[in-house]
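Dear colleague,

Please read the notes with the structure open beside them.

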Amino acid sequence: MNWPLKKKTNGDGTSNGHIIEMLGITKVYNTGKIKVEALKGIELVVDKGEFVAVVGPSGSGKSTLLNLIGCLDTPTGGSYMIGGEAVAGLDRDALADVRNRRVGFVFQNFNLLPQLTALENVELPMLFGGVGRRERRRRAVEHLERVRLGDRVEHRPTELSGGQMQRVAIARALAMEPDIVLADEPTGNLDTGSGSDVMSLLSELWGQGRTLVVVTHDQTLAKRAGRIVEIRDGLVVTDRRAVA
Amino acid sequence: MGRDLAVIATLFLKASSLQRKRAMLTVAAIAWGTVAIVMLLAFGEGLRHQLMKGQRGMGENIAVWWPGETSKVWEGLPEGRPVRPILDDIGYLRGRITAASGVIGELTSWSSSLSWGTTTITGRVTGANWEYGEMRHHFAQAGGRFFNANDEREKRRVIFLGDELAKDTFGEADPVGETMFVDRIPYLVIGVLEHKMQMGTYKGPDANGSVIPITTFSAQFGTQRLNNIVFKARTAEDMPLARQQFNEALAAKYRFDPTDEQVTGLWDTVEFGKVMAKIMIGLQAFLGIIGGLTLLVGGIGVANIMYAVVKEKTREIGVQMAVGAHRGWITGPFVLQGMTYTLLGGAFGLLIAVILIMLVRLVPVEGNQALEFLGKPTLSVEIAVATAALLGFIGIIAGYFPARRAASVDPAETLRYE
Ligand SMILES: Nc1ncnc2c1ncn2[C@@H]1O[C@H](COP(=O)(O)OP(=O)(O)O)[C@@H](O)[C@H]1O
Ligand SMILES: [Mg+2]
């Protein structure tokens with residue numbers, strides 16, 4: 001097994017501190033009859049340790065952008081470097097390895113595997129990442145404790161509340177200690193209480209030095225971010241950094 | 001590689017099993033297909049065995065010749081001359097056909113009156129040289145024997161009976177040691193034919209005839225003209241040479257063209273056996289294809305269910321991809337699942353087939369001609385191996401195509417949430 005994208009050793013994992021470097025990224029969905037130009041030339045550079053909120057109206061291309069950042073999909077045009085490595089030309093298994101090592105996803109609808117326990121769900125990325133059985137289990141428990149679900153490890157998703165499920169998803173996203181955590185409207189399906197729990201957890205992660213890109217409609221969450229990127233019609237229209 | 005297998009095994013074990021009912025139907029379909037192919041092939045194999053045995057019933061590596069007329073002009077002699085060798089020619093032929101281990105002559109009386117006590121029937125009597133017993137597989141039941149060289153030399157009036165004929169004449173009584181009459185001349189019964197499977201015959205089944213020494217026959221019926229000559233090649237490979245030597249010897253003596261097939265035409269059981277074997281291979285292939293198609297239908301059932309599972313699990317597949325699953329880790333568990341159902345069904349089917357075969361073999365078949373041929377389904381190593389290989393192949397195919405669809409899932413598209 002060879003990992004095409006080895007982390008470099010200069011501390012921040014990149015040569016210039018840019019963990020995400022997108023230049024002129026376009027994405028066209030070709031659905032047979034019609035072509036949808038979802039992204040029309042995105043320029044986006046994110047440094048290690050940033051907390052970026054992506055906002056914009058529905059259908060503006062936020063999820064598409066997040067999928068491209070997370071290598072879940074490949075751009076139609078432009079160049080994308082993740083952690084200093086070009087993504088273009090990687091095959092499907094190599095992209096899977098990039099996702100496994102560098103990216104943690106948190107989805108609006110949790111996307112846990114229903115027949116697996118919370119623990120097993122958190123173990124899954126480590127199974128794919130080649131972590132041994134014992135180590136997998138130890139780390140999964142640790143991550144679940146960190147999201148305050150140490151007493152729910154053997155529960156299945158159906159036995160958990162929405163907020164708890166999203167916390168399992170966050171634990172899963174962190175399992176492989178990724179460079180970037182991507183969250184697409186993580187509080188969209190939660191009530192206010194669980195929503196703010198999840199928001200606090202995400203802010204905590206940032207506090208621990210992780211890079212975070214979150215798509216949200218939630219004004220409070222957006223305000224916690226150090227940087228707000230607004231997308232409209234497939235283009236970045238504003239990119240504001242909070243004054244420190 | 002080891003790691004790939006570990007991941008696949010882990011996922012396979014974690015995957016929730018299909019709904020029980022669907023899984024059972026699939027396994028049943030495969031089991032049924034397996035039963036079909038194994039039973040068909042086993043019956044074919046049993047039939048082949050019995051036919052081969054029946055073929056040997058008349059004797060092995062023998063050729064049977066009938067008198068004929070010439071159809072070619074030869075050394076100034078016209079066509080249409082009959083060639084009818086006599087008893088004394090047998091010694092001459094024995095000297096010439098070195099590739100044969102035996103040459104005998106036969107004289108035949110088609111309808112003699114055979115009587116014992118108050119019973120009289122009309123039956124066939126053959127006069128033959130004593131070697132006929134071995135050559136034509138006339139083995140005696142316990143307590144009896146076939147006639148020997150002394151009987152032949154001394155022209156003894158001894159008779160060997162076919163088992164059916166013996167039953168018709170003697171009923172339940174033991175014929176051996178009894179005196180019976182052949183056209184009012186008394187004969188001592190010295191043996192009764194041990195029941196045998198006989199496929200080919202040139203004068204009716206051996207079970208329905210009787211045999212006496214050819215010298216005795218010649219004396220009683222006053223004839224020397226042979227009805228048949230039978231010779232046995234040393235081995236199956238020697239048969240062509242034996243036939244050639246026979247043709248040349250006979251042609252030299254009776255002055256005809258040795259290539260005149262009108263005279264030299266005979267029944268070569270070696271040749272005939274080869275044709276039979278080919279027919280049997282064709283039959284086996286035909287049965288195998290029918291059984292294989294049944295099994296294939298079961299395989300399509302498995303593939304169908306697997307497709308349904310892939311469709312149901314599309315989102316889960318997308319999630320696994322999102323967190324870093326390789327293609328092989330997605331497809332592996334599906335292939336394993338398809339294989340598992342197929343092999344499980346195959347194992348069940350094989351078990352059922354073996355039980356059925358054992359039951360069928362328990363049915364008594366003695367005396368019933370049709371059942372005697374059909375009633376012995378036989379499971380051979382070849383059948384087992386062929387079935388297992390076909391099952392494995394279908395299992396892989398049944399898992400592979402659905403798995404390929406699973407691997408082609410587009411995670412971004414699948415996980416899109418509106
Ligand atoms: N897989 C797809 N096939 C076709 N069109 C798509 C697909 N995904 C997104 N789109 C379209 O691309 C545009 C951007 O979608 P999306 O990135 O989901 O927007 P947002 O997340 O901001 O609501 C929309 O017009 C949407 O309909
Ligand atoms: Mg969206």
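Helix 2 of chain B runs over residues 20-57, which makes 38 residues, and from its first C-alpha to its last it reaches 54 Å, close to the 56 Å expected at 1.5 Å a residue; the expected span is 1.5 Å times one less than the number of residues in the helix. Helices here are DSSP runs of H or I with at least four residues, strands are runs of E with at least two, and both are numbered from the N terminus. Just after helix 2 of chain B, G59(B) takes a positive phi of about 130°.

Before the rest, two notes on how to read this. The model is predicted, so that local features need pLDDT of at least 70 and side-chain atom pairs count only at pLDDT 80 or more, while totals for chains, interfaces and linings use all residues. Residues are numbered from 1 along each chain as its sequence is written, chains are lettered from A and ligands numbered from 1 in the order in which they are written, and side-chain values use heavy atoms, with hydrogens and water left out.

Turning to the ligand, residues from chains A and B surround ligand 1, so the site is shared between chains. Of the 14 residues around it (those with a heavy atom within 4 Å), G59(A), K62(A), S63(A), T64(A) and E413(B) come nearest. Oxygen atoms of ligand 1 lie 2.7 Å from a polar backbone atom of G59(A), 2.7 Å from a polar side-chain atom of S63(A) and 2.5 Å from a polar side-chain atom of T64(A). The protein covers 79% of the 560 Å² of accessible area that ligand 1 has on its own, as computed by the Shrake-Rupley method with a 1.4 Å probe. Strand 2 (35-47) and helix 1 (62-69) of chain A are the elements that give two or more residues to this shell, and helix 1 of chain A gives the most, with 3 residues.

The shell around ligand 1 divides into 4 nonpolar, 7 polar and 3 charged residues, where Ala, Val, Leu, Ile, Met, Phe, Trp, Tyr, Cys and Pro count as nonpolar, Asp, Glu, Lys and Arg as charged, and the others, Gly among them, as polar.

With best regards

How values were computed
Polar contact = N/O pair within 3.5 Å; in protein donor to acceptor, adjacent residues only side chain to side chain.
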